[in-house]
Each structure stands twice: as C-alpha cells, then as structure tokens.
Amino acid sequence: MRKLLKSAIFFFLLNKKQSLLSSVGMAIGIFATVVVINIGQSSQKKLQNTMETLGKNMIIVSATIPTNNPHIKKIAHTLTINDAMSIKNRLNNAISAMALVCSLHKIDVRNFNNSMRVDVSGVTPSFFAMRNFQILDGRLFGQIDENAAKNVAVVGYAVKKNLLKNGIFRTITIKNITFRVIGVLKPMGVDLTNTNLDESVYVPLTTAMKKIYNVRYITNIFMQTRYNVDRQIDSILTKSHKIINLKNKDFTIDTEKELYNTKAETMKIMRLVTFLIASISIIIGGIGIMGMMFVTVEKRKTEIAIRRACGATKSNIIYQFLVESLFICIFGGIVGLIFAEVASLLTILFLHWPLVFDIFPIVLSFIIVFFLGLIFGYLPARKAANTTIIEIIR
C-alpha cells in the first residue's frame, strides 16, 4: 500500500497541471456542499433563537387581508383596541398575557444631520416581556408613559449605533416630533415576522396612534395562551366584524409554530436546491478526474506493459490506478473542505449567526471523495488492467 501511495504522489507531481485542474471540480463540489451544511445548521440555530424572541405559546392576530400572494400584505383598518378587550374578557382564563401593536410602515428617524429609515411601532408596555426583549442600556417605558402618551422611545441596537453614538437619553425626531430615547435593546436580528428588530423604534401605543399615525385602529394583537384558542379568537372577531363570507376576512391569525414551520420550510427548500447544485459540481469534478485517468492510461501503456511483463497482475494494475484516482479526489476534497470551513466561519460571523460545530460535514466530505474516487477511477483502472501486452506492441 505504501508503494502504491508513493506511486500516486509521484504521478500527481509529475502531472501537476492536469492533476490540479482535475481536483478543482472536486474541490468546488466539496466546498459548496460543506458551506451549505454549515450555513444551514447555523441558520437553523438562528431560527430557533429567533423563535424564542417571539415568545412561547404565542398567537398573533394581524390586521391583514389575506391575498393570493403571501408576500403582499394589505392592511385592514378594522382591528381595534375594543377587539382586543373583547377577546381578553371572553377568554380570560386562557390568555396569560396580551400586547397591542400599531405599526404601519417604515419612517425616517432623524438625529441632527443623521437619518435612518426604520420600523416605528407603537406598543403596550407588556410587549417587551412577551417578546423576551432584553434591555442593553437605560429602561423600558411603562404604563404611566402609555397613559400619558409621552414622547419616549426604546430603540434597536442598529438605531443606537447609527444615530446615537454618544449614548442614550438623546433625542430623535419622528415626523417632526421630538422623542427622548430612554432605552436601547440588545442585538436580536430578524424575527419570524421578517422584522429587523435591530432597526426598529418602539414608542407607547397611544403616542403612535395619536401623534405619529393618527389612526384609531391597531395592526397586531400578541397573546400568550395557556392552551390553543385560535379557533375561539377567529369566531369572536368574525362575529364582531360582522363577516358573513369567510373568504372576506379582514384579519389573519398565526401561531409561533406556524411562522416557524413556514420559515423553516422555505430555508429547507433553499438548502435543497443549493445542495443539488453542489452535487452536480461534485459529479462534474468526478467525471473530469475519470476523463484524465482515461487519458493517462493511454499515455502510460508502455509502463503498464512493462509491469505486466514483470509479473504484475490485473489486480495490481487496478489498485495502482484506483489509488491515484483516490489521491486526486482526496486532495481536491481537503482543499475544498479547508476553504469551505473558512468561508462558512466568515459568513456566519458577518451575519452574526450562532456558531455550530459539527463533525458531520467533515466526515461526509471524506465519504463522498472516497466513494467518488473509487467510482470514477474504476473504469480507467479496469481498462488499464485489461490492456494486453500484444495490444500495446501493436
């Protein structure tokens, strides 16, 4: 075996350009496969962490009219505070906490000459505890601020970083209204509702409805429940909104599990497509190696004849060319694996996703290159072994 390995290394170094070009396809395939697995595991962990920011046993009522296109949301003006109170009164034993939200669109928030377009949400004080939001600096606003419709704000980490570099207790301007920043939230990223929490500003609900949006309706009701009551909520709102045709509902009801499953399914499809592309790259790389080995067999017929004349069996010839094929595949696989791990690490750090160490991609890489080396090296090796001395002389 040691002699075969030395022969494979000698052949690799003798044909550097051909060997390196043949291993590139394998390296690209392994690179893509490992990156997909690493990024996929990190995104899965990130999704689980994101689910925690949404809260457990959460039901979300949204003032959105269902459309054929799930990416297009049409806001209804019919969801009110009275609807929320009605649900709470009728299902009081089932609801452990409730928070109301009014958030219509992104707004330019300014601090002197700096500005940033962010989601501005009016929320009740219970919203922060329900969503497991953690304060980084300052404080959250309370019921007194809510009742008095005070101009106070709690901002996401990115807003503080871009607009309030000198710290909190500064002022920001929203629609020409001055707000005092009293708190900054810890970095959280994008949640299951596709809202960038770090690029968000939160003000008391009454302040948002009266001074920013000038509306009498809300956009969301967040509820933590002790058991599943989404059907009862649907029935209450259907009756209070006097909806006869169920296809004309002016609200949607989601749970954190539904949002999680929807996003997880989308990510799964994306990973599958990318994995298929990576698989094609690996196969193309293997075919390239097989093509090179066929060319090598033709060039090395004299060597094969001499070895056969000296007593080498067909098995010896097959093993020799299989080891050479395996060496090229493994070399390409190791190079692809190294670059994949570095690229995955840089990508995860750039996206601020959690690091997940798993030996599975490494083991899978070596399994793939080993079997592909055998599969795509066998035909050239068999051709070399079946070449007769008479055929070579001719």
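Student: What percentage of the 394 residues in the protein is buried?

Tutor: This is a predicted model. A residue counts as buried when its relative accessible area is under 20%. Of the 394 residues in the protein, the buried share is 46%.

Student: How many helices and how many strands are there in the protein?

Tutor: Helices and strands are both present in this protein. The count for the helices is 13, and for the strands it is also 13.

Student: Among contacts between residues at least 6 apart in sequence, what share joins residues at least 24 apart?

Tutor: A contact requires heavy atoms within 4.5 Å. Taking the contacts between residues at least 6 apart in sequence, those that join residues at least 24 apart make up 79%.

Student: How many cavities of 30 Å³ or more does the structure hold, and what is the volume of the largest cavity?

Tutor: The structure holds one cavity of 30 Å³ or more. The volume of the largest cavity is about 30 Å³.

Student: Which helix supplies the largest share of the lining of the largest cavity?

Tutor: The lining consists of I330, G333, I334, L337, S365, F366 and V369. Two helices, α11 (314-351) and α12 (360-386), each supply at least two residues of this lining. The largest share, four residues, comes from α11.

Student: By class, how many residues of that lining are nonpolar, polar and charged?

Tutor: Gly is counted among the polar residues, and G333 is one of the lining residues. By class, the lining of the largest cavity has no charged residues, two polar and five nonpolar.

Definitions and conventions:
Residues are numbered from 1 along each chain as its sequence is written. This is a predicted model: local features need pLDDT of at least 70, side-chain atom pairs count only at pLDDT 80 or more; totals for chains, interfaces and linings use all residues. Side-chain values use heavy atoms; hydrogens and water are left out. On a 1 Å grid over the protein atoms alone, a cavity is a set of points where a 1.4 Å probe fits but cannot get out, and a pocket is an open set with protein on both sides within 12 Å along at least five of seven lines; lining residues have an atom within 4 Å of a point. Grid points are joined across faces, edges and corners, and a volume is the space filled by probe spheres set on the points. Buried means under 20% relative accessible area, exposed over 50%, partly exposed in between (1.4 Å probe, protein chains only).
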